[in-house]
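Subject: Structure handover

Hello,

Here is the structure we talked about. My notes follow below it.

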Amino acid sequence: MTAVPAPPVPSTPGGTVLRPITGPDEVELFNRLPYAFNHEIAGDLAAGRRRPELLWTALDADGRLLARAGWWCPPGSTEPLLLDVLDHVPGHRATAEALLRRALAAVVPEGTVPPKYTRFLPAGWREDPAVRAVVDGPLSVVERLGAVPFVERLRLEWRAGTPVPDPTGRLRIRPAAGEAEVVDLCTGILAGTLDAYSRDDLSRMTAREAAQQQYDEEFAQYTTPRAWWRVAESARTGEPVGLVVAARNAYRPIIAYLGVLPGHRGRGLAEELLAEGTRVLAAAGAEVIRASTDVGNTPMAAAFGRTGYTAFEHEYVMTWG
């Protein structure tokens, strides 16, 4: 990976230098502040999911790391998709704000809405003073720069050996027939959705456009077998009921999508579909399966809970208008 120039950019009275890292040789410097993604930074750089010019640091006159900001981008892209790293040492919230302002000016083209900011947090983070002391600073920095809360999501996981509910016989489940069927099902599932990302999409486009976009930008990018994508039909009538997309992303096995058509909701069918997706991944050797859903989507969260998934973390997302 080509190193990027890192000219010193003093921007505080104390001579703090704000700059991106020069390359993989400075990953250790960038990781001197703790966070959940630190163990992935080097691998992401090598795989093209991060770029040196998207990993910014604030260094004091002695080279100590005071704050950092980092964006994630899809492999092969130069455009950042998420601001997912923002940290500072105690007492340096103003430094973090100066760093983010400087980095945003360099990373985001003028007149462009910045990418979403996301932070992973322990469950019960609001009631833990120690956690709040760490996260309130970054959250307030992003807010001061114009971002607002968008959604809080549960991060869920299933571990090998956890019992999965047996089929009840109410559904016939088969591999999805192809793109057209998947897009049709996703279009129908969007009706009455509680998912914040989907509702945001529907404020800007039709349900079919949103479904096609999700297929093109997410589903089509998975390299795992399409046979893992399962469609459920009513065993009694043969009509479609819902869809589960089991896959593996760049990091681990996941339940990428789970949805039930409006006429079949409220009958416990989501967990039957989820159980099938879980069995598919477990049969492929998955020891841990990850998934996520909005905190406010209580029916879906309950379906995951009844299928043996536990919430191990929250994800807090903020957006710029």
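Start with S8 and strand S9 (residues 240-248): they pair in the antiparallel sense over five bridges. Pairing here needs at least two DSSP bridges between the strands. Helices (H or I, at least four residues) and strands (E, at least two) are DSSP runs, numbered from the N terminus.

A word on the source. This is a predicted model, where local features need pLDDT of at least 70, side-chain atom pairs count only at pLDDT 80 or more, and totals for chains, interfaces and linings use all residues. Residues are numbered from 1 along each chain as its sequence is written, and side-chain values use heavy atoms, with hydrogens and water left out.

Alanine 232 stands opposite glycine 242 in S9. Five residues lie between S8 and S9, which form a hairpin. In that turn, glycine 238 has a positive phi of about 80°.

Strand S7 (residues 171-175) also runs antiparallel to S8, joined to it by five bridges. Valine 231 in S8 is the bridge partner of arginine 174.

How enclosed is S8 (residues 229-234)? Six of its six residues are buried, so the strand is largely enclosed by the rest of the structure. Buried means under 20% relative accessible area, exposed over 50%, and partly exposed in between (1.4 Å probe, protein chains only). In a regular strand, side chains alternate between the two faces of the sheet. Trp229, Val231 and Glu233 point one way from S8; Arg230, Ala232 and Ser234 point the other way.

**Helices H5 and H7**

Helix H5 (residues 179-189) packs on helix H7 (residues 207-217) at an angle of about 130°, with the axes 8 Å apart. Axes are lines fitted to C-alpha atoms over the stretch in contact, and angles run from 0 to 180 degrees between N-to-C directions. H5 and H7 are therefore oblique to each other. The cut-offs: under 35 degrees is roughly parallel, over 145 roughly antiparallel, 65 to 115 roughly perpendicular, the rest oblique.

On the H5 side, the contact includes Glu179, Val182 and Cys186; on the H7 side, it includes Arg208, Ala211 and Tyr215. Contact means heavy atoms within 4.5 Å. The contact residues divide into six nonpolar, two polar and four charged. Nonpolar covers Ala, Val, Leu, Ile, Met, Phe, Trp, Tyr, Cys and Pro; charged covers Asp, Glu, Lys and Arg; the others, Gly among them, are polar.

**Arginine 132**

Arginine 132 sits in helix H4 (residues 129-144). Its relative accessible area is 29%, so it is partly exposed.

Best wishes
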